[in-house]
Amino acid sequence: MARSALTGKPPLLEMHGIDKSYPGVRALDGVSLSVQHGEVVALLGENGAGKSTLIKMLGGAHQPDRGNIRVAGEEVNIDSPAAARLAGIGVIFQEFNLVPELAPWENIFLGRETGFGFVRRETERWRAAQLFQQTGVDVPMDVPCGQLSVAQQQIVEIVKALSQNARLIVMDEPSAALTTQEVACLFDIIRDLKRRNIGVIYISHRMDEIFQISDRVAVLRDGQLVGTAPTGELDRKRLIEMMVGRNIEEEFPETTRQLGPARLVVRGLKHAKFPVGLDFEVRRGEVLGVTGLIGAGRTELARLIFGADHLVGGSVTLDGTPLDIRSPRDAILAGICLLTEDRKQQGLIMGASICENFGLPNLSELSYGGFVRGRQERVACDSYAKRLNIKMSHSQQLVGNLSGGNQQKVVLAKWLQRNAEVVIFDEPTRGVDVGSKYEIYALINELAKQGKAIIMISSELPEILGMSDRILVMHEGRITGTIQDTAAATQEQIMEFAAQ
Ligand SMILES: Nc1ncnc2c1ncn2[C@@H]1O[C@H](COP(=O)(O)OP(=O)(O)OP(=O)(O)O)[C@@H](O)[C@H]1O
Ligand SMILES: [Mg+2]
C-alpha cells in the first residue's frame, strides 16, 4: 500500500483497478486513483471519458465490476449512499439530488433528522443557516429547492456534504452553473476544506479553474487513466493535449462577421423582476453577448423573448414586424428559439432516445408523412451527432444514459436544426469539453454567417469576449453596461459593470 512520504499515513483514498461496463460501453477500464489528506485532485477528460462513472463508485450510486477502494488504508465496500457517508465520502453529483418540494435546510438534513418536532426543525434550520453563511452565497432558506436557480441548488448540495462531516468531498462539475464570483466563493470553501485536511476530487471543464485550485490532475480518456501529474508541472496546452490526445491551437475559430441592419428590436421589455424596461437590438449576423452575475436577469430576459415568462410590458419586433408572443409555441412559430441552460428541466426527456429528443420541438411538423420525416430526421440527427462529437453507441440510445456533456450537445443539436431567425443560447457550452466547445463556437459562427440574430448568454467571460460582437452586462434586472469594442474589452471591465 502506498504511503504518503511526509506523514507515513496511508492516503485518504485509494481506488485500485476499477472496471465498469454498461451494456455496450466499457466506461472504466482498470482505473487507479489516489487522493492524499488535504489534497485537491482535479479529474479531467472529454465528455464521456468516465469521470462521473468513477465518482459514482465513490458515492455508492453504482458498484464497480472489479477493483477495490480503500479509505485511510481500510478497504471499504461502498454499496449504497449510506455506506459512502459512513466511509466519510460526500459526493455532489452532476445532476442534483435535491427534493424540489423541500426547502434548502430540509434537504440538507433529509434522512438524518436529529430529533423530533419544532425544536429539531429550528435547530436544523439554524445549523443550515450557519453553513450557508460560511459559503458567503445568499440562498433563501425557506423557498422550495425546485424554485431556486441552478447555482443556488449547487450551493445547497455543497452545504449538504459539508454538514455530513465528510473526509473526502467529491464534486462533479460544481462550477458549471456558477458565475465567476460564485466560483471564487466556492474556491474559498475548498481552500478551507484543505486547511481542515479534507481531500477533494474536483471535476471541471474550465481549464482556468484547474490551475487555480488543484494540487494534482488526473486525466481520463475513453475509460482509462492517461496519467496524473502535479498541476504546477503542466501548462494549459499540455493539459488539453493529455485530455483530447491531440494539439488544439486556438480555442475560438477564426471568423469575420458581416453585420446587417437590426433584426430583433426590443423596447421597454419588462419582467416582474426588472426595475425598468430593457431596450436593445440584435443585428443581422450579430452575436450579442449577455453576461452578469447570477440573479442579474439574463435568463429572465431570454425567457421573456421566448414567451416562457410573462411579459409585463414592452414590445419586440422582428424585421420590422411587431410580435405578440404569449408562449414558447408562439415564439417558435415566429422564428425564435431558446437553448435553455437547464437541460434536465427544460431541455430533454431522459427516458426517450437521442433521436426522439432531437425531433421533439418538431412534433407538429411530424404529424403527417411521419415515416419519411422520421428517416430524414435520423440522418440529420446522426450528422449533428458526428459534428458535435456526441459519444453514443447509436441514436436510439436513451438520453438519460449519456454523459452530462453529451446530453448538453443533444439539446444543442435539437435547436440548431430548426431554421430559426433568432437564436438565444443560454450557457451553450456548460459542461462541454474543450474540443467540443470549439465545434459549438464554429456552429454559432455559421448561424451568424447565415444572417441570423444571435443572443449568447454566458457566465464564462473568455467565451463572452471571444465570441460576441457587442456585450450587454446586466445587474439586478438592468443593463449596466454595453461594450461595443469587444476586441479591446477586458474581463475586469465586464466585472465592474456586473457588480454595479
Ligand atoms: N447508465 C448508463 N447506461 C449506459 N451507459 C452509460 C451509463 N452511464 C454512463 N454511460 C456511458 O459511460 C461513458 C462514461 O460516461 P460518464 O458519465 O462517466 O462521462 P463523463 O466523463 O462524466 O462525461 P461528461 O464530461 O460529459 O460529464 C459514456 O459513454 C456514457 O454514455
Ligand atoms: Mg460527467
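Contact here means heavy atoms within 4.5 Å. The model is predicted: local features need pLDDT of at least 70, side-chain atom pairs count only at pLDDT 80 or more, and totals for chains, interfaces and linings use all residues. Residues are numbered from 1 along each chain as its sequence is written, chains are lettered from A and ligands numbered from 1 in the order in which they are written, and side-chain values use heavy atoms, with hydrogens and water left out.

**View 1. Arg206 and its contacts.** Arg206 sits in the loop between strand S8 (199–203) and helix H7 (207–213). Helices (H or I, at least four residues) and strands (E, at least two) are DSSP runs, numbered from the N terminus. Not counting residues up to four places away in sequence, Arg206 touches Ser175, Ala176, Leu178, Val183 and Glu460. Is Arg206 buried or exposed? With 13% relative accessibility, Arg206 counts as buried. Buried means under 20% relative accessible area, exposed over 50%, and partly exposed in between (1.4 Å probe, protein chains only).

**View 2. Leu178 and its contacts.** The loop between strand S7 (168–172) and H6 holds Leu178. Its relative accessible area is 0%, so Leu178 is buried. Neighbours within four places in sequence aside, Leu178 is in contact with Ala151, Gln154, Val183, Leu186, Arg206 and Ser459. Leu348 is 170 residues from Leu178 along the chain, and their C-alpha atoms are separated by 21 Å.

View 3. The protein chain is divided into domain 1 (13–244) and domain 2 (262–498). These bounds come from an automatic or database domain assignment. The C-alpha centres of the two domains lie 29 Å apart. Across the interface, 27 residues of domain 1 are in contact with 29 residues of domain 2. The two domains bury about 2100 Å² between them, 51% of it on carbon and sulfur atoms. Asn47, Glu95 and Thr179 supply 28% of the area that domain 1 buries against domain 2, more than any other three residues. Buried area is the accessible area (1.4 Å probe) that two parts lose on being put together, summed over both.

View 4. A search of the whole structure finds four cavities of 30 Å³ or more. A cavity is a set of points, on a 1 Å grid over the protein atoms alone, where a 1.4 Å probe fits but cannot get out; lining residues have an atom within 4 Å of a point. Grid points are joined across faces, edges and corners, and a volume is the space filled by probe spheres set on the points. The largest cavity has a volume of about 60 Å³. Which residues line the largest cavity? Its lining consists of Glu173, Ser175, Ala176, Ser204, His205, Arg206, Thr429, Arg430, Gly431, Val432, Lys437 and Glu460. By type, this lining divides into two nonpolar, five polar and five charged residues. Ala, Val, Leu, Ile, Met, Phe, Trp, Tyr, Cys and Pro count as nonpolar, Asp, Glu, Lys and Arg as charged, and the others, Gly among them, as polar. Domain 1 and domain 2 each give at least three residues to the lining of the largest cavity.

**View 5. The second largest cavity.** This cavity holds about 50 Å³ of space. Thr179, Thr180, Gln181, Thr291, Gly292, Leu293, Ser459, Leu461, Ile494, Met495 and Ala498 form its lining. Helix H6 (180–195), strand S13 (287–292) and helix H17 (491–498) are the elements that give two or more residues to this lining. H17 gives the largest share, three residues. The lining of the second largest cavity has five nonpolar, six polar and no charged residues. Domain 1 and domain 2 both give residues to this lining, so the second largest cavity lies between them.

**View 6. Helix H1.** Eight of the nine residues of helix H1 (residues 51–59) are buried, so H1 is largely enclosed by the rest of the structure. The buried residues in H1 are Lys51, Ser52, Thr53, Leu54, Ile55, Met57, Leu58 and Gly59. Gly60 follows H1, with a positive phi near 80°.

**View 7. Two loop residues with positive phi.** Most residues other than glycine have a negative phi. Asn165 is not a glycine, yet its phi is positive, about 50°. Asn165 lies in the loop between helix H5 (150–163) and S7. Asn165 counts as exposed, at 62% relative accessibility. Asp319, also not a glycine, has a positive phi of about 50°. The loop between strand S14 (313–318) and strand S15 (321–323) holds Asp319. Asp319 is partly exposed, with a relative accessible area of 44%.

Methods:
1 Å grid on protein atoms, 1.4 Å probe; cavity = no way out; pocket = protein on both sides within 12 Å on 5 of 7 lines; lining within 4 Å.
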